[in-house]
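The notes follow in the order of the look-ups.

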Amino acid sequence: MIARAALIALRLLPVAVTVVLVVLIGQRAGEFRLDEFTYVAIYFAALLGLNMLTGYNGQISLGHGAFMCIGAYVAAVAVLGRPGLALYGHHPPDWLPVGDGMRPVFTIPLAFVLTGAVGFLFGIPALRLAGVSLALATFAMAVSLPAIAKKFENVTGGGGGVNLPLPHTPFGWDISTKRWLYYEAWGVAAVLFVLSWLLVRGRVGRAWRAIRDREVAATASGVSPAVYKTLAFAVSSAFAGAAGALLAIQVSYVNPDTFPISLSVLLLASVVIGGLGSLSGALFGALLYEFLPIYAQEPPLVHFAFGKQAPAVVFGVLLILIMYALPGGFAGAIRRMFAPLTRFLRERQNTREPILEPARRGEA
Amino acid sequence: MLAFTWPEFFQQITSGLASGAIYASLALALVLIYRATDVINFAQGEMATFTTYIAWMLMQHGLPYWPAFVLTLVIAFAGGFAIERVVIRPVENRPEIVIVIVTIGMLIAINGLTGWIWGSEVKAFDSPFPNRTVDVAGVAISLQDVGTFCVCLATVLVLWLFFRFTTLGLAMRAAAVNPGASRLLGVRVGWMLAIGWGLAAALGAVAGMMAAPTTFLDPNMMLVILIYAFAAAVLGGIDSPVGAVVGGLTLGVLVNLLGRYVAFVGEELRLPTALAILLTVLVIRPQGLFGHAVVRRV
Amino acid sequence: MKKTLAVMACCVGAAIATLSSASAAREGAGSAAATPGFTKSSIVIGGTFPLSGPVSGYAPIARGMEAYFNYVNNRKGPDGKTGIRGRKIVWKYYDDAYNPANTVQLTNKLVLEDKVFAIVGTLGTEDNQAIRPFLNERKIPQLFVSTGASYWGLQYRQFPWTIGWQPDYIAEGRAYGQWIAKNSPNAKIAVFYQNDDYGKDYLRGVKIGLGAKKSLIVSELSYEVTDTSYASQIARQKASGADTWVLLTTAGTPTVRAIATAKALNWKPNTLVINSVAATDAVMAAVVDRVGADFVSGAISSAYLKNVSNPKYANDPAVKQYRALLAKYGPSGADSNNGFYYYGVAKAYDTAKVLFNAGKNPTRASLMRAALNMNWTNPYAIKGVKDKTTRSDHFPLSQIKLARYTNGTFTEFGPLIKGR
C-alpha cells in the first residue's frame, strides 16, 4: 500500500515541485526574472507540442518555429484589427475576417485552433513522407513561412512588422504587468500540460507510441497511422500556435525576422536535450532554450575570453557534449537517477500484493 | 513585366544551371554521408566553408591555386575523417535524433569558429577558370560557371567509378548496407565510415571552392546553400548521387524561371514556391526521383 | 552513472544559483527614486548588436564604441576628470543576432537587470522598432540608434525618447536622385535593392530626388537575403537596357555579388551608384579583385564621416587618434581600416559629449535635453558636417557629400548637401 502511494507520489513530485517553484517565483522575483520565466513558460508550451510529435510519435519536425509564427501573426492581427493595421497603412482584403481588435487573452485560443487547423492540413500530405523527406518538408515550411509573411504585407505588416499595443493588466487588477504576463503564460502552459498529459497517457498516446516503435505491428493491431499521425501534427502545431500567440503578446512585436529557421532547429535541439518522450523533458528544454544562449554569452561559472568572442562555439560544443553525456536528455538522466528507488518500490509493491504467484517449475 | 525574349529565357536557364551546379556539389557530399552512415550531416555546409577559408589562407600565404586546392582537399579529408572518429563515433549507435542534434551542434560551433578566426568581412576568392564571359547567341555564359558545371559532372563520374570499380568503394558500400556481415568478411566498418566522412568533406571543399569565386567568401556563405542542397538531395533520392545532381540543377533552373515568369511569385516567393513544387513531387513519389523505393518487410 | 551524477549536480547547482538570484532581485529594492544606471563612480549604458549571424558584419560598431569609451575612461576630460565628470562609462552590449524578439529580451535585461541609464546605438531598424514603445513608456532614452530609417527623426512627437544619429536613407537616396537628374537627364536607370525597409527607404529617397524624372527608372528589382544568386534579377536588368545602375544593398556580400554577377553577365552600366553603407573601400577592393578596377571606377556614393582608408586622411589628426585608440583600447587585431569601427568611435564621441552635457547629476530627462541641444562639429565627420539638433530638428547628422571611387578609394566631391 505504502509502496503504491510512494510510487504515485514520486510520479507527481516533478509536477508538485514545478507548481511550487512557479508560484514562488511569481510572488518573489523581480521584474527581469519574471520576464525570463515567462519566456520559459512560452517555450514549455511549444515544446510540449513538439515532444508529442517527435518524442511520442517519432516524427522529426524541423518546422516547429513556423507554427509558432502562424500563431504569433494570428494574435498580432487579431489584437490590432483593421483599425490597428490601418495605422501602419496596411489594409487587409475585405473578405478576410480580421475584426476590429481583440483582447490579447482571447487570441490565444484563437491561435490554438487556427494553427491546429493548418497543422492538420499539413499533416495530410505529410503522411506520404517519412524520415528525411519529412524533415525536409518541415524544414521547407520553416524557410517559407517568413517569406510568405513578408509578401502578404497588407495583412502581416510585411518586413517592417507590427507593434502590438504594450500589454497592461486587464480588468484593472492590481498586479504589475510583468507579473500578469507571467501568470497568463504559466496558466496557459498549465492548461496545455494537462491536455498533453491526458492525451499521452490515454489511448492516443499509446497509439502514438505504437506507431513510433513498430508501425507495421500497430497497423496490424488496428491502429490507423493516418489518423494518429495527422492528429499528432494537428495537436503539436496547435500547441505551437498558442505559444506563438503568447510570444507575440510578450514581445509586443512581430515581424518575419522573429521566426528564423534557427528557432525551429534550436527548439528541436532543446526538446531532445530536455528529454524526448517525457513531459518534464519539455520543461527542461524550455529552461535550456531560455538560459543557455544568454549564459553562453556571459558564462557565469567559467570566464574565458573565448566566450565573449565566440559564444556560438561554446553553445555548439555544449550541445554536443550534452548529447554524449545524456542521450536521454535531462529527463532521462533524472529517471535513471531515481531508477533504483522506483525499482525498489515496485518490488515492494509486488511482493506485498501478489496477484497470482506464478507456479514454480517442478511444483504442484 | 518585361517582354519575353528567347535570349533572356536561355539566360535564365544557364544562370539556373550555374547555381544549380553549386547546390548539386554540396548535395553530393550530403548524399555520400547518408549512404555511408545513414545520417544527414547538417554541418556539411559549414565544413565546406571552413575548408574553403583554409584554401584562401593558403593562397594568401603565397601558394598558387592548384597546390592550395589539392592541399585543401587533403586537409578536408583528414578533418572529415577525424570528425567521424572523434565526434560521431560516440553516438553512432544512438537513435537518429541524437545524431541529428550532434550535427546541428557542429553546424553552430563551426560557423562560430569560422567567424571568430577569419572575421566576417567579405573576401574575394580566386578561381582556376579564366575570368571571362563568352556570348553565345545573346546569352552570356561565364567560363567560371562552365567550369563549375564540368567539375560537378566530373565529380559524379569519379564517385560512380569509385563505388563501382574499386575494392575500397565496394567495401564502403558493403559497410553501409550491412555492417554486421561486412565485419565478418573482414571489412573494417569503423574505418569505412570514417573514410566516407573524409570523402564527403573533401567533396564539400570542392563545392565551396567552386562556389566562392561567385558568392564571395564570408562565414555564412553556405548556410542558405545548404537549404537548397538538402532539398536537391532529397528530391533526387537521398541515396543517389545522380539524383543529387539532377535535383540540384532542376532546383536552380526552377527557382530562376519561377521568379522571372510567374508574376505572383516574383522575387520574394521563389524559394518557397520551388520548395512547394519539390514537396509535391515527393508526395507523389516519396523515394525521390532516383531513389530506391522502400519496401517494408513484415 | 558517476558521469550522469556529475552533470546533474552541475545543472542543479546552476539552477539553484539562478533561482537564488531570482529572490535577490526584488522589485523596487533599494532607493527607487534614484536614477538607475548611475552612481557616484559610474554610468551604465547598453545596447544590442548582431554579433553573430548573417549581419554580424556590423559587430565592429559595438567594439568601436567600446574602444572609445575605454579611452574616455582613461583620459582627462574638459573638466580635468577622467571618464564623464569623474564617472566611468560602463558599456554593456549583447548579441541579438538581428532577431527583434531577442532584442526585446536583451533590452529588458539591460533595463531591468543591468539597470542601464540609457540604451545607446542599438542596431537594426526592426529591432529598434520592437523596443521603441517599451522604452518610451518607461521614459528611457533610446539614443543614437544605429539605423538610417527616417522615422526616428520624424515620429518624435509620438516617441520623444527616441533619437537617431546618422543621415537618414531617404535623404541619401534623394541626393543620388538629384545628382542623376542633373548629370544624366536622359539616363535609363535600373535599381537593385534589398527587399526590406532599408532598401525601400533608399528607393523612396531616390524617387523623390528624381522628381519629375522618375520615369527614367526602367527596372526596379529586389533581392532577398535568402537568395544565393542574383543572376536572374540582374539578367533582367541588363535586358531592360539600363545604363545607370543604382545599388541599394547592404554592406559586404550582397554588394560584391551583385557587381560580380553583372560582370559575369557581360553587362557594364556607364554609371554606378552605390549606397554609402555598402560602399566601403574594403568592399570595393574585394570587387576589384574579381571584376577589375575599370568596372567600378567612377562609382558614386556619399559620405558624412571621413574615409579612413583614403590616403588623403592619412595625416588627419582625428583619424590618427582613432587608429591609436583602436589599437590601444579596441579588440586585439582589429583592422582600423574597417569603417564600422570608425563609425562606432564617431558615435561614441557624440554619446560621451551628450552624457557630459547632461550635467553633474544627470537624469534621463536631462540626457534627452542634451541630445536635443547638440551643436558642434564631430572631429570624425568630414569638414563642414555639423551635429545639430533642436527641439524640432531630431536629426543630429543630416548633411552629406557625394563621393567618387577613383584610384582605389572614395573621395568626396561637390558641395555639402543638406539632408533635411
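Entry 1, the contact between chains B and C. I worked from a predicted model. I found that chain B contributes 36 residues to the contact and chain C contributes 34 residues. I then asked which elements of chain B supply at least two residues each to the side that touches chain C. I listed helix 1 (6-37), helix 4 (96-118), helix 8 (189-215), helix 9 (221-236) and helix 10 (241-261), together with strand 1 (133-136) and strand 2 (139-142). Helix 1 of chain B gives the most to this side, with 6 residues. By class, I recorded 17 polar, 11 nonpolar and 8 charged residues on the side of chain B that touches chain C.

Entry 2, a sheet in chain C. I noted an open sheet of 4 strands in chain C, with parallel pairing and the order 2-1-3-4. Strand 2 (88-95) and strand 4 (142-143) of chain C each have a single partner strand, so one side of each is left without a neighbour in the sheet. I next examined strand 1 (residues 42-49) and strand 3 (residues 118-120) of chain C, which run parallel and are joined by 2 bridges. In this pair, C:G46 stands opposite C:I119 of strand 3.

I recorded domain 1 as 42-166 + 313-398 and domain 2 as 169-303. Their C-alpha centres lie 29 Å apart. To the contact between them, domain 1 of chain C gives 11 residues and domain 2 of chain C gives 12 residues. How many charged residues does the domain 1 side have? I found no charged residues there, with 8 polar and 3 nonpolar.

Conventions
Residues are numbered from 1 along each chain as its sequence is written. Chains are lettered from A and ligands numbered from 1 in the order in which they are written. This is a predicted model: local features need pLDDT of at least 70, side-chain atom pairs count only at pLDDT 80 or more; totals for chains, interfaces and linings use all residues. Two residues are in contact if their C-beta atoms, placed from the backbone, lie within 7 Å. Ala, Val, Leu, Ile, Met, Phe, Trp, Tyr, Cys and Pro count as nonpolar, Asp, Glu, Lys and Arg as charged, and the others, Gly among them, as polar. Two strands pair if DSSP finds at least two bridges between them. Domain bounds come from an automatic or database domain assignment.
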